[in-house]
Amino acid sequence: NREDTNPSKNRAKILQCLYTSRYKSHRDRVPKPAEGTCTWVTEHQKYQDWSKKEASGLLWLSADPACGKSVTASFLVTHLESQRNATVCYFFFKDDNTEQKSAIFALCAILHQLFVQRKPLSKYAEEAFEAKGEKFAEEVDTLWDILAKAVAEGGCGDVICVVDALDECEEETLAPLIRRITCLPGSQTSNVPLKFLVTSRPYHRIEIELSSMGTTIRLKGENEIKSIITDVTRVIDEGIRNLELVWGNHGGLEYLRELLRSSADRTFLWVSLILELLRNSVDGSRAELIDIVSTAPASLDELYTKILSKSTDHDKARRVLNIVVAAARPLTLIEMNNALTVRRDYESMRVLQGDLYPRPETTVKNWCGLFVRVIDSKIYLVHQTAREFLIKGSLPGRGNWQYTLSPKDSNFIIADICISYLSREEFSGSPLAMDARGRISKEAVNDYLEKYSFLDYAVRHWADHFRDSQDNGMELFEFTRLICGAGSKHCLTWFQVYWFNIRRYHIFPKDFTHLMMASLLGQGTVVGRLLEEGGDLNARSRLYGTALNIAAVEGDEGITKRLLQKSVKAYFYGKGYNILHTVCELAVIRES
């Protein structure tokens, strides 16, 4: 086969560009289905209609919160892979992780899986890669066109994409993704052997878009009450069997099985939480176990309140939850340990190390109970509904926990932690090694990040948290001056790590001012403050020009306008221009 011997000449680089998320580990977060559950989906007529369709097709499985959509999606990936007559790719959206929020990451993950399983297909990304470099992996339309063309022309047979939790995709990239998916059936590309199976909550906005073409096959899980109840019963049965094995009490918990069946609602999450409470019971006595089930609140919100009310330290639990809710990605236990102990008054990392908790997982569990989960040493909320329970909305919450966290305040807390961490005296030391071309050594960065466990997170995300804390963030302005000011010893080292992560193939600038840094990082409030203070607003970086050059390249319209209003110059080919005056002069010339 000619195609089998004609892979892309840039295959390795293309795969690297597409590996933007750890999609396998994201799927591994999803609990394994209890034996016998989820099969009702594959037996359903709507699934059969979609499965038997030749060429393209879209199946939308909708269901209410906490009813097992992600578990079902993961089950379906395994089920489809076992058929061995199609290439199966997947992506699991989750809004607690920047790697799982965007349709761009989803399409990159799908293409990466496709090209790994069908090596010759990588050649269909060749043209886009040569034209745009690594940027080709940042555009929904480009990525989709590569996918459609590779499947249509590559002779790879059927390709099935399972995409979970569309409702947790960011709005900006969700719309173009849905538009592309819904255009597959019934369009000129209808002969493309590409099928999608997507899950989401039954939100009206998603229903409107997914049903726009009239060819979407929808399986309404929210209406399949009997099937859901049957699966919940299976989960209870498996949970009771496991408890009997743990306690060596085979057949002795039948009373508990019946009590759970009679009191369970139809959400898998409620049942799994009660089973975990039973597993964590103090003495496992009949009286205690009956009390746990019989006094369990009937709703998830009430159950969440009860779990958090048992915290051994409410203030520290609230701090943990603020950090988890605001974090750009799930923190590791080591990172959380640092985040909980760092304070503005620490000057040395040596002092900080002395205050670290010796058993961070146990500590976090004592504070937050079952409200958080630790998976592969990373900390997560127990479920998306837990996030919705915590974050303030338009409705008043009940009790001391529901709707008590503000995104602005949560971001301020973690911005304060990150900036305080970067202000340590250790980061004012020697800069990292660079090669003769002014590029930073990968080995030096890796060694540094290994030595300072919270540094990677703080470097990558402090600026975003500072921005998202809005006006609250200006309380930290003087600290940002310490780590961003021109000539600051604190600035050079962390900025080198940031530059390596974000722009590793560009020469590192040693001459950025605070205004340039704020323009690069999108900190409009800081730019405004620095413009009011005056100073050398037209300072120029030898390689990257003034703050105006930097803001324009970043495409930040708001900051660019602010700089123009203060007549900050831009440099082109070594010469400075007042852009507003230049535009006026050109207008006069054209009119004359």
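Predicted model: local features only at pLDDT ≥ 70, side-chain atom pairs only at ≥ 80, totals over all residues.
Trp462, Phe466, Trp494, Phe495, Tyr498, Trp499, Phe508, Phe512 and Tyr544 form one aromatic cluster. The pairing criterion requires the ring centres of Phe, Tyr or Trp (its six-membered ring) to lie within 6.5 Å, with planes under 30 degrees apart classed as stacked, over 60 as edge-to-face and the rest as tilted. Residues are numbered from 1 along each chain as its sequence is written, and side-chain values use heavy atoms, with hydrogens and water left out.

Under the ring criterion, the count comes to 26 aromatic pairs. Trp494 and Tyr498 are edge-to-face because their planes stand at 70°, with ring centres 6.1 Å apart. Both residues belong to helix 25 (residues 489-503), where a spacing of four residues separates them by about one helical turn; helices (H or I, at least four residues) and strands (E, at least two) are DSSP runs numbered from the N terminus. Trp494 and Tyr498 are both buried, a class defined by under 20% relative accessible area, against over 50% for exposed and in between for partly exposed (1.4 Å probe, protein chains only).

A further edge-to-face pair is formed by Trp499 and Phe512, at 6.4 Å centre to centre and with 90° between the planes. Trp499 lies in helix 25 and Phe512 in the loop between helix 25 and helix 26 (514-520), so this pair ties together parts that are 13 residues apart in sequence. The relative accessible area is 3% for Trp499, which is buried, and 7% for Phe512, which is also buried.

Charged groups are also placed over aromatic rings, the criterion being NZ of Lys or CZ of Arg within 6 Å of the ring centre and within 35 degrees of the ring normal. Arg27 has its charged end over the ring of Tyr90, 5.3 Å from the centre, and Arg318 lies over the face of Trp401 at 4.2 Å from the ring centre.

The domain assignment, with bounds from an automatic or database source, gives domain 1 (7-218), domain 2 (224-296) and domain 3 (313-405). The centres of domain 1 and domain 2, taken over C-alpha atoms, are separated by 35 Å. Contact (heavy atoms within 4.5 Å) involves 12 residues of domain 1 and 11 residues of domain 2. The area buried between these two domains is about 960 Å², with 59% given by carbon and sulfur atoms; buried area denotes the accessible area (1.4 Å probe) that two parts lose on being put together, summed over both. Within domain 1, Trp40, Ala66 and Cys67 lose the most area to domain 2, together 49% of what that side buries.

Ala165, although not a glycine, has a positive phi of about 60°. This residue occupies the loop between strand 3 (158-164) and helix 9 (171-182) and is buried, at 5% relative accessible area. Ser567 likewise is not a glycine and has a positive phi of about 60°. Ser567 is placed in the loop between helix 29 (557-565) and strand 8 (570-572), and its relative accessibility of 34% makes it partly exposed.
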